[in-house]
Amino acid sequence: MAGKTTISIIIPTQRRLDSLTLAALSALGQVGVDDPVELIVVDNDEQPSAREVVEFLACGSPYPVTYVHEPRAGVANARNAALAVAQGELIAFLDDDEEASPRWLARLLETQRKFDADVVFGPVRGRAPQGVTKHRNYLEMFFSREGPAEAGLIDHAYGCGDSLVRRSALPDQIQPFSPQRNRTGGEDDLLFAEMKAAGARFAWAPEAYVWEDPVPERLSLRYAIVRAFVYGQGPTRQSATAIPPDRVGVARWMLIGVGQAVAFGLLAAVKGLIRAPDFAFAFDRAARGLGKVFWWRPFTIHFYGRSADASGAADGSAVTAPLQGFHA
């Protein structure tokens with residue numbers, strides 16, 4: 001294996017033991033990859049609740065597994081803690097509610113090498129349990145990610161889950177994710193925007209797909225619409241927080257948002273009155289439009305960064321434990 005690139009698969013998790021097990025097993029079951037691989041699971045619970053699960057999975061692992069306990073709540077903290085111990089030049093990110101297809105990593109690597117890409121993204125296929133019938137099509141679409149039919153370079157970024165990143169292209173190779181986004185999310189959007197400004201190359205790998213199984217409390221129209229509002233805030237807030245601030249961009253996105261909110265709001269009202277089956281799709285677009293308009297601090301919604309302890313986030317530092325499995 002001399003001269004080959006080490007790949008670090010990183011899974012951040014917080015109190016989702018069942019879905020973490022599925023995600024980790026799918027990562028450990030990858031085929032078609034000859035390069036050295038390691039798996040890093042970073043536990044973002046205040047208490048090390050995932051440690052026993054990760055220790056058990058490491059016993060039968062084909063490659064090294066490392067457990068990291070990062071008690072400071074927030075997905076940026078979790079990802080940074082994993083990167084601090086990762087050995088790979090290529091970093092593959094998998095969420096703890098995702099199940100990777102068997103050749104997921106091989107397809108990401110194939111596309112990265114073919115196009116010399118700094119970041120490669122793959123499709124996400126949302127799936128809901130059989131019991132979810134109301135707005136099912138919309139909810140599965142909401143938790144999905146689609147892209148071009150063919151592999152190739154793209155001019156924009158997607159989210160961090162199901163991505164492969166070249167470490168040397170990161171602006172900070174140890175702590176690239178901004179802790180300021182721990183509670184709101186969007187730390188990956190901020191990072192990829194900075195990388196794009198620096199000339200990073202993005203690519204799309206259509207066969208590197210993962211399944212996403214949202215937790216039950218997220219499979220509701222209420223949750224999705226609030227989340228759509230937050231997604232809508234992204235481009236306006238990104239323009240506002242640019243250095244220097246892009247005031248023209250802020251104004252442009254807010255005007256676009258007004259148009260979307262009015263047009264799709266009226267459409268959603270009509271579809272709601274006639275009980276059209278695609279009502280939720282129009283409602284979603286209206287919410288994203290409103291997010292572009294109402295993006296500043298009083299309208300900030302926190303989805304992340306909550307500690308297991310109601311008193312607030314822990315102040316401890318990350319604890320790392322390499323776990324000995326049966327390594328090929």
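Helix α1 (residues 17-28) and helix α2 (residues 51-59) pack with their axes 11 Å apart, at an angle of about 25 degrees; helices here are DSSP runs of H or I with at least four residues, numbered from the N terminus. An axis is a line fitted to C-alpha atoms over the stretch in contact, and angles run from 0 to 180 degrees between N-to-C directions. The pair α1 and α2 is therefore roughly parallel, a term for angles under 35 degrees, while over 145 counts as roughly antiparallel, 65 to 115 as roughly perpendicular and the rest as oblique. This is a predicted model, in which local features need pLDDT of at least 70 and side-chain atom pairs count only at pLDDT 80 or more, whereas totals for chains, interfaces and linings use all residues. Residues are numbered from 1 along each chain as its sequence is written, and side-chain values use heavy atoms, with hydrogens and water left out.

From α1, Leu 17, Leu 20, Thr 21, Ala 24, Leu 25 and Leu 28 meet Val 53, Val 54 and Leu 57 of α2, where contact means heavy atoms within 4.5 Å. Eight residues of this contact are nonpolar, one is polar and none is charged. In this grouping, Ala, Val, Leu, Ile, Met, Phe, Trp, Tyr, Cys and Pro count as nonpolar, Asp, Glu, Lys and Arg as charged, and the others, Gly among them, as polar.

Within α8, the buried residues (under 20% relative accessible area, with a 1.4 Å probe and protein chains only) are Gly 249, Val 250, Gly 257, Gln 260, Ala 261, Ala 268 and Lys 271. These buried residues pack against α7 (221-241) as well as α9. After α8 comes Arg 275, with a positive phi near 55 degrees.

Helices α7 and α9 also pack together, at an angle of about 40 degrees and with axes 6 Å apart. They are therefore oblique to each other, and their crossing is right-handed. This contact comprises 11 nonpolar, four polar and three charged residues.

Technical notes:
Buried < 20%, exposed > 50% of the residue type's maximum accessible area, 1.4 Å probe, protein only. Helix = DSSP H or I, 4+ residues; strand = E, 2+ residues; numbered from the N terminus. Left-handed = near helix turned anticlockwise from the far one by under 90°.
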